[in-house]
Amino acid sequence: MAKYEVIMPKLGESIIEATITKWIKKPGDKIEEDDPIVEIATDKVDSEIPSPVEGKLVKVLFNEGDVVPVGKVIAIIETDPEASVEESMPDSAPVKEAVAEVPAAKPTAADKPVEESAESSEGRFYSPLVKNIAKTEKIGQAELDKLAGTGKDGWVTKEDLMAYLKQRGSAPAQVIAASQTPAPVSAPKPSAPQVTASMGDEIVEMDRMRRLIADHMVMSIQVSPHVTSFIEVDVTNMVKWRERVKDDFLKREKEKITFTPIFIEAAAQALKDFPGVNASVDGYKIILRKNINIGMAAALPSGNLIVPVIKNADQKNLIGLAKDVNSLANKARSNKLEPDDISGGTFTITNLGTFGSITGSPIINQPQVAILGLGVIKKKPVVLETPEGDVIAIRHMIILSLAYDHRVVDGALGGMYLQRMQQLLESFDNNRSI
């Protein structure tokens with residue numbers, strides 16, 4: 001009787017685990033090829049896993065809510081159409097028994113480095129995410145091994161580790177692995193204040209994505225010393241050009257032309273001129289990214305934010321950028337973003353002016369080293385220098401803010417990047433053809 005193992009797929013270059021949110025099919029259900037079997041969620045996107053084969057779902061190896069590493073077998077499909085229903089696992093059978101009955105999948109060569117780096121000296125499994133957080137927080141292996149885990153088979157989950165860090169506060173690790181270099185002395189970490197609800201207050205539980213966003217923002221501030229620089233830019237030529245061509249652009253390309261692709265075009269050019277801003281940090285190593293993949297913060301129907309990525313933005317013309325921007329924005333609004341749509345970003349742009357904000361100081365989207373904030377475009381009286389002397393004129397102005405990781409981007413580099421953005425936008429050709 002032929003059986004097919006369904007594994008947790010790799011959903012992006014930085015994703016190493018996913019949460020099972022809902023089993024669409026149950027043991028005993030007949031499945032057609034490409035039928036969705038299970039809904040899964042990562043810290044970036046929700047998705048469905050389709051069946052690669054036709055058959056009958058025999059066993060599920062994880063419960064809803066379990067966090068599963070990429071590459072693990074999550075279900076067994078019987079591809080023999082003559083198999084009897086009695087041979088399949090009943091719906092009420094415990095998942096742990098099902099796991100015991102199915103032999104573990106043989107690790108591939110690609111799996112070995114991950115497995116080796118995710119186990120302690122005692123053979124206990126840790127997800128790469130937990131290991132990375134422990135490394136960032138200077139938690140030694142011996143200290144990590146002492147933590148009680150609430151995950152499957154006693155695994156330490158991210159929630160376990162974050163709860164431990166809150167309790168741990170500024171207390172130093174009791175045991176440090178012999179091979180680990182002692183961390184430098186740093187200031188005590190602030191603990192969250194005690195908060196109590198008063199009569200009449202409404203308590204709203206964060207949804208899964210809001211929790212992930214909150215953890216990601218706190219992590220970014222802890223990892224990177226943020227500095228923000230600002231510059232005011234005259235975008236009058238750009239505004240007039242868009243106003244002149246937007247109707248023809250819509251008729252010809254069947255796409256709207258917004259300001260976003262114009263800013264992305266300038267940002268990509270400036271990143272080519274200053275590659276130190278298109279980078280990541282790995283310990284004491286700086287990774288200068290070859291590709292320029294620009295993420296743009298977009299709102300989901302739930303009100304949460306997600307960052308779709310325009311790949312190789314420097315290699316696309318304005319029409320291509322406009323189509324990518326519109327496509328990704330529509331997919332975000334309809335909850336149809338794919339894992340590849342949100343992976344691989346090297347730099348991020350966020351539109352702070354959507355609701356009238358003049359400017360702001362955004363938080364870096366790790367592991368990037370900078371993020372560009374766009375304020376609202378407003379008409380302002382500005383002093384212009386002319387051959388006949390200074391004059392006051394009404395111009396369309398915007399404030400750009402660049403938040404950057406001061407470990408590798410200093411004020412000079414950040415300032416030069418913004419100055420280059422100013423030059424590109426203020427010299428925009430008002431007679432540019434489409």
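The expected span of a helix is 1.5 Å times one less than its number of residues. Helix α8 (residues 260-273) has 14 residues and should therefore span 20 Å, which agrees with the 20 Å between its end C-alpha atoms. The model is predicted.

**Helices α8 and α6**

- The buried residues of α8 are Pro 261, Ile 262, Phe 263, Ile 264, Ala 266, Ala 267, Ala 268, Ala 270 and Leu 271.
- Helix α6 (residues 208-223) has 16 residues, and its first and last C-alpha atoms are 22 Å apart, close to the 22 Å expected at 1.5 Å a residue.
- Met 209, Leu 212, Ile 213 and Ser 220 are buried in α6. They lie on the same side of α6, because they cover an arc of only 100° around the axis.
- An α-helix has 3.6 residues a turn, so residues three or four places apart point the same way.
- The cover over the buried residues of α6 includes α5 (158-168), β9 (226-234) and β14 (305-306).

**The four-stranded sheet**

- An open sheet is formed by four strands in the order β1-β8-β6-β3, with antiparallel pairing.
- The edges are β1 (3-7) and β3 (30-31); each has a single partner strand, so one side of each is left without a neighbour in the sheet.
- β3 is joined by two bridges to β6 (residues 55-60), and these strands run antiparallel. Ile 31 stands opposite Gly 55 in β6.
- Strands of a sheet pair through backbone hydrogen bonds, either parallel or antiparallel.
- A salt bridge links Lys 56 and Glu 78, with the closest N and O atoms 3.8 Å apart. Lys 56 lies in β6 and Glu 78 in β8 (residues 73-78), so the pair ties together parts that are 22 residues apart in sequence. Both Lys 56 and Glu 78 are buried.

**Buried polar side chains**

- Glu 143 lies in helix α4 (residues 141-145). Its relative accessible area is 5%, so Glu 143 counts as buried.
- The side chains of Glu 143 and Tyr 164 make a polar contact of 2.4 Å.
- Ser 229 belongs to strand β9. With a relative accessible area of 17%, Ser 229 is buried, the cut-off for buried being under 20%.
- The side chain of Ser 229 makes a polar contact of 2.8 Å with the side chain of Tyr 404.
- Leaving aside residues up to four places away in sequence, Ser 229 touches Leu 400, Ser 401, Leu 402, Tyr 404 and Leu 418.

**Salt bridges**

- The count comes to 16 salt bridges.
- Asp 324 and Lys 316 form a salt bridge at 2.5 Å, N to O. Asp 324 is partly exposed, at 22% relative accessible area, and Lys 316 is also partly exposed, at 29%.
- Asp 405 and Arg 407 form a salt bridge whose closest N and O atoms are 2.7 Å apart. Asp 405 is buried at 0% relative accessibility, whereas Arg 407 is partly exposed at 40%.

Technical notes: Residues are numbered from 1 along each chain as its sequence is written. This is a predicted model: local features need pLDDT of at least 70, side-chain atom pairs count only at pLDDT 80 or more; totals for chains, interfaces and linings use all residues. Side-chain values use heavy atoms; hydrogens and water are left out. Two strands pair if DSSP finds at least two bridges between them. Buried means under 20% relative accessible area, exposed over 50%, partly exposed in between (1.4 Å probe, protein chains only). The arc is that of the directions from the helix axis to the C-beta atoms. Contact means heavy atoms within 4.5 Å. A polar contact is a pair of N or O atoms within 3.5 Å; within protein, one must be able to donate a hydrogen and the other to accept it, and residues adjacent in sequence count only if both atoms are side-chain atoms. A salt bridge is a side-chain nitrogen of Lys or Arg within 4 Å of a carboxyl oxygen of Asp or Glu.
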